[in-house]
Every structure is written in structure tokens, then in C-alpha cells.
Amino acid sequence: MNTDPGSIFALWVYLSASPLLWLTVTVGVFLFAQWLAALSRYNPLVNPVLIAIVIVVAILSVTGTSYQVYFNGAQFVHFALGPATVALAIPLYRNRRLVRASALPILAALAVGAPVAILSAIGIATILGAPEPVLLALAPKSVTAGIAMGVARQIGADPALTAVLVIATGIIGAVAVTPLMNLLRIRDYAARGFAAGFASHGIGTARAFQVNDLAGAFAGLAMALNGVLTAVLAPLLLHMLR
């Protein structure tokens with residue numbers, strides 16, 4: 001086997017020019033992270049999204065690969081987010097009777113939760129002395145990245161910073177939701193899933209599906225409804241606060 005450094009470098013140059021390299025790396029790393037999560041019996045602390053992010057960032061740093069190069073190679077994953085989000089309608093349809101029966105508590109949770117998610121984040125950050133750009137970026141942190149970045153542009157926040165805060169919120173929510181719900185003795189999977197999707201969008205929804213299909217369905221519903229409501233409320237609340 002040839003282990004000459006020059007040959008290894010030439011091989012890396014060849015692979016790095018392939019558009020499928022970073023897609024393969026992303027999928028492979030996530031499958032590895034999923035395997036670790038399954039090995040831990042889906043312990044909330046062993047979050048596959050967090051593990052995958054850490055490994056991919058480490059690979060990019062070691063290889064000196066820019067984000068743009070990585071994105072160009074792995075952009076199919078970005079494209080797949082749309083169909084994956086639409087596919088959440090399937091478990092919702094299967095549980096449509098329970099969703100209709102829970103319409104009133106769902107609307108109540110939306111009416112209270114959406115403004116509280118925005119105002120609590122801004123309020124706590126203000127008390128801690130965060131600058132205005134951070135305050136603005138925090139406003140849409142609890143909705144899925146595509147909507148959050150659109151809201152960020154609308155309110156004059158940095159979309160890139162908003163995306164980082166959205167991902168951080170999702171990971172924290174996905175890790176904390178199961179032990180928190182157990183601590184509060186909330187056993188209803190619909191309520192647990194709705195809370196996960198509402199507070200931590202897609203990453204929380206993925207965690208909910210790992211626990212229970214009904215929780216995943218309500219998490220997907222919460223993610224969609226909170227995204228729409230936050231897109232309307234965030235600019236209005238920030239305008240009132242200024």
C-alpha cells in the first residue's frame with residue numbers, strides 16, 4: 001500500500017474537487033452520529049445533530065475547507081429540507097382527529113408561547129447586557145432556520161447570526177426536552193411533542209420523532225404554526241419596543 005505523503009495529497013486534491021465529497025461526508029457523519037445515538041438508546045445528551053456538527057466542523061478546520069466550498073458540495077441536503085418539511089404533513093394527517101380535538105389548547109399555546117418566546121429571549125439578553133444586533137437576532141430564534149433568516153432580514157438583524165442562534169436553540173431544546181418533561185411529570189406525548197417543536201423547531205421535532213410518533217406529529221405542527229406566527233409577531237413586537 002502506497003502511503004507516500006505526495007500520493008495522499010494528490011488523492012485529497014482529486015477528492016476535494018468532486019461535488020459529491022461533502023455530501024458523502026455529511027451523510028456519513030450523520031449516520032455515524034445516529035449510530036452513536038442508537039447505541040446510547042437515544043439518550044437526549046447524545047444528540048446526533050450536535051455530534052454531526054462538531055465532527056463536520058472539525059473536518060472542515062483540519063482540511064482548511066471554506067464554508068462556501070462545503071455548501072456547494074453538500075447543497076442537496078439544503079434542497080432536501082423542503083421535501084422533508086412537507087413530509088411532516090403525513091403524520092399530521094394520520095393524527096388529524098386528535099389534532100382537531102386539541103384545537104383549543106393548541107391555539108392557546110400559540111397565543112401565549114409565541115410572544116413569550118420572543119420577549120423572554122430579548123428581555124434576558126437585555127438584562128445580561130447584550131448589544132442590539134444580538135437582541136434583534138434572538139427574536140426569531142425559536143423558529144426553523146428558513147423562516148428565522150427571513151424574519152431577521154425584515155427586522156434588520158444579521159441572518160447568519162440568527163442561523164447560529166436558531167441551531168443553538170434547537171440543540172439545547174432537543175437535549176433538555178425529555179428530562180424537563182419528565183421532571184415536570186408531563187406524560188402526554190402530544191403536549192411533549194408540541195412543546196419540543198414550538199421551542200426548538202426542526203431539531204426538536206427530530207428528537208420528538210425519536211421518542212414517539214405522536215410527539216413527532218405534534219412537534220411538526222407546532223414548528224409550522226410557530227414559524228408563521230413569529231414571522232408576523234416579531235416585527236410588530238420589536239417596533240413596539242423601539
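**Packing of H2**

Helix H2 (21-39) passes helix H3 (48-63) in a right-handed crossing. A crossing is right-handed if the near helix is turned clockwise from the far one, and left-handed if turned anticlockwise, by less than a right angle. The model is predicted: local features need pLDDT of at least 70, side-chain atom pairs count only at pLDDT 80 or more, and totals for chains, interfaces and linings use all residues. Residues are numbered from 1 along each chain as its sequence is written, and side-chain values use heavy atoms, with hydrogens and water left out.

The axes of H2 and H3 come within 8 Å and cross at roughly 140°. Axes here are lines fitted to C-alpha atoms, for helices over the stretch in contact, and angles run from 0 to 180 degrees between N-to-C directions. H2 and H3 are therefore oblique to each other (under 35 degrees counts as roughly parallel, over 145 as roughly antiparallel, 65 to 115 as roughly perpendicular, and the rest as oblique). On the H2 side, the contact (heavy atoms within 4.5 Å) is made by Trp22, Val25, Val29, Phe30, Phe32, Ala33, Gln34, Leu36 and Ala37. H3 contributes Pro48, Val49, Ile51, Ala52, Ile55, Val56, Ile59, Leu60 and Thr63. By class, 16 of the residues in the contact of H2 with H3 are nonpolar, two are polar and none is charged. In this scheme Ala, Val, Leu, Ile, Met, Phe, Trp, Tyr, Cys and Pro are nonpolar, Asp, Glu, Lys and Arg are charged, and the others, Gly among them, are polar.

H2 also packs against H4, at an angle of about 60° and with the axes 7 Å apart. This crossing of H2 with H4 is right-handed. Trp22, Leu23 and Thr26 of H2 meet Val69, Tyr70, Gly73, Ala74, Phe76 and Val77 of H4. The contact of H2 with H4 holds seven nonpolar, two polar and no charged residues. Trp22 takes part both in the contact with H3 and in the contact with H4.

**Overall layout**

The protein has twelve helices and zero strands. Both kinds of element are DSSP runs numbered from the N terminus (helices H or I, at least four residues; strands E, at least two). The C-alpha atoms fill a box of roughly 65 × 40 × 30 Å along the principal axes.

**Pockets and cavities**

Pockets and cavities were found on a 1 Å grid over the protein atoms alone: a cavity is a set of points where a 1.4 Å probe fits but cannot get out, a pocket is an open set with protein on both sides within 12 Å along at least five of seven lines, and lining residues have an atom within 4 Å of a point. Points are joined across faces, edges and corners, and a volume is the space filled by probe spheres set on them. Two cavities of 30 Å³ or more are counted.

| Space | Volume |
|---|---|
| Largest pocket | About 2100 Å³ |
| Second largest pocket | About 230 Å³ |
| Largest cavity | About 80 Å³ |
| Second largest cavity | About 40 Å³ |

The largest pocket has a volume of about 2100 Å³. It is lined by 48 residues, of which Val49, Val77, Leu81, Ile167 and Ile203 are the closest to its centre. Elements that give two or more residues to this lining include H2, H3, helix H4 (67-86), helix H10 (159-183) and helix H11 (189-211). H4 gives the most to the lining, with twelve residues. The lining of the largest pocket divides into 34 nonpolar, 13 polar and one charged residues.

The second largest pocket is lined by Gly113, Val116, Ala117, Lys141, Ser142, Thr169, Ile172, Ala195, Phe198 and Ala199. At least two of its lining residues come from each of helix H7 (103-127), H10 and H11. Six residues of this lining are nonpolar, three polar and one charged.

Around the largest cavity lie Val177, Thr178, Met181, Tyr189, Arg192, Gly193, Ala196, Gly204, Arg207, Ala208, Val211 and Ala215. H11 gives the most to this lining, with eight residues. The classes in the lining of the largest cavity are seven nonpolar, three polar and two charged.

Ala114, Ala117, Ile118, Ala139, Pro140, Lys141, Ser142, Asn226 and Thr230 line the second largest cavity. H7 and H12 are the elements that give two or more residues to that lining, and H7 gives the most, with three. Five residues of the lining of the second largest cavity are nonpolar, three polar and one charged. Ala117, Lys141 and Ser142 belong to this lining and also to that of the second largest pocket.
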